[in-house]
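Take a look at the model below. Keep it open while you read the points that follow.

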Amino acid sequence: MTTKTTLLTAIFTSTLLLTACGDKAQTQNQAKTDTKATAQTTSSGDTAVIQALQANLDKSGVTIKVTNAIATQMPDIYWVSFDNAPAMFTDKSGTYLIQGQIAKLGDGEPVDIGADLLSAIAKDALAKVPESEQIIYPAKGDKKAHIYVFTDPTCHYCQKLHSEIDAITTGGVEVRYLAWPRAQKDVPLAKAIWCSSNRQDALAQAKQGKAINAPDCDNPVEQHMALGHTLGVSGTPAIFTASGMQIGGYVPADELIKLAIDNQ
């Protein structure tokens with residue numbers, strides 16, 4: 001692997017992991033995965049910036065597609081989205097990629113200028129995932145909110161979160177699972193779960209370490225993985241509220257319920 005490739009791999013996959021499982025194996029192998037669909041994002045964007053950045057990426061030998069560029073509060077700085085990779089910032093010429101947070105100062109508390117944009121993109125993209133392609137645990141009683149959870153059944157924190165599923169749903173929060181196998185070796189397990197006749201049962205058994213056998217089927221696992229990359233997911237569980245805000249990794253049920261309701 002060249003120094004350039006190593007740098008770009010780090011840039012396009014690094015993110016803050018809180019209480020979550022992460023695995024670099026998936027990052028290294030993801031480039032080999034031929035995803036059948038890519039995440040949908042906001043349709044509006046600056047065509048000139050998209051074209052300029054794409055041209056510079058191509059010149060640098062970076063084989064990734066720019067899908068959107070949205071102007072931010074910072075002059076001549078844009079929030080750009082990619083196929084199968086997390087969003088970043090670029091300048092108007094598309095010459096520079098900027099990773100991380102940019103804060104606006106001088107008007108009260110510092111403001112992360114990318115947070116609202118990422119939340120809007122996540123809200124739109126997650127809302128477009130068909131319910132038939134998710135594993136859904138409905139809220140018990142009155143539904144107060146819902147969350148999206150990218151999950152890997154081999155992840156300890158995903159198992160811990162799932163052990164509290166009854167408490168979460170009893171608190172009025174619907175849980176919508178999407179597949180996020182952290183390594184290529186775990187992709188077949190995820191596909192078997194989504195191809196099972198009873199997905200909830202298969203997911204629960206897999207999180208207990210049991211083998212899952214199911215005939216091959218047309219499944220959304222690779223689409224979920226592509227969507228996760230676009231939204232900056234690099235570990236599990238990755239939890240998003242209905243508003244598109246990413247909560248982080250594992251959060252205790254009572255705290256998760258409050259966050260979901262307050263940020264729906």
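The model is predicted.

**Helix α3: length and ends**

- Helix α3 runs over residues 47–59 and has 13 residues.
- At 1.5 Å a residue, α3 should span 18 Å, and its end C-alpha atoms are 18 Å apart, so the two values agree.
- Asp 46 caps the N-terminal end of α3. A side-chain oxygen of Asp 46 lies 3.1 Å from the backbone nitrogen of Ala 48.
- Just after α3 comes Gly 61, with a positive phi of about 75 degrees.

- Which residues of α3 are buried? They are Val 49, Ile 50, Leu 53, Gln 54 and Leu 57.

**Salt bridges: the overall picture**

- Side chains of opposite charge can pair when their charged atoms come close.
- The whole structure holds 9 salt bridges.
- Glu 131, Lys 143, Glu 174 and Arg 176 are linked in a network of salt bridges.

**Salt bridge Asp 152 to Arg 182**

- The side chains of Asp 152 and Arg 182 form a salt bridge, at 3.0 Å from N to O.
- Asp 152 lies in the loop between β9 (145–151) and α5 (156–162), and Arg 182 lies in the loop between β10 (173–179) and α7 (187–194), so the pair ties together parts 30 residues apart in sequence.
- Are these two residues buried or exposed? Asp 152 counts as buried because its relative accessibility is 1%, under the 20% cut-off. Arg 182 counts as buried too, at 11%.

**Salt bridge Lys 191 to Glu 222**

- Lys 191 pairs with Glu 222 in a salt bridge, and their closest N and O atoms are 3.4 Å apart.
- Lys 191 is in helix α7 and Glu 222 is in helix α9 (residues 221–230), so this pair ties together parts 31 residues apart in sequence.
- Lys 191 is partly exposed, at 27% relative accessibility. Glu 222 is buried, with a relative accessible area of 15%.

**Salt bridge Asp 124 to Lys 128**

- Asp 124 and Lys 128 meet through their side chains in a salt bridge of 3.2 Å, N to O.
- Asp 124 counts as partly exposed, at 26% relative accessibility. Lys 128 is partly exposed as well, with a relative accessible area of 42%.

Key. Residues are numbered from 1 along each chain as its sequence is written. This is a predicted model: local features need pLDDT of at least 70, side-chain atom pairs count only at pLDDT 80 or more; totals for chains, interfaces and linings use all residues. Side-chain values use heavy atoms; hydrogens and water are left out. Helices (H or I, at least four residues) and strands (E, at least two) are DSSP runs, numbered from the N terminus. The expected span of a helix is 1.5 Å times one less than its number of residues. Buried means under 20% relative accessible area, exposed over 50%, partly exposed in between (1.4 Å probe, protein chains only). A polar contact is a pair of N or O atoms within 3.5 Å; within protein, one must be able to donate a hydrogen and the other to accept it, and residues adjacent in sequence count only if both atoms are side-chain atoms. A salt bridge is a side-chain nitrogen of Lys or Arg within 4 Å of a carboxyl oxygen of Asp or Glu.
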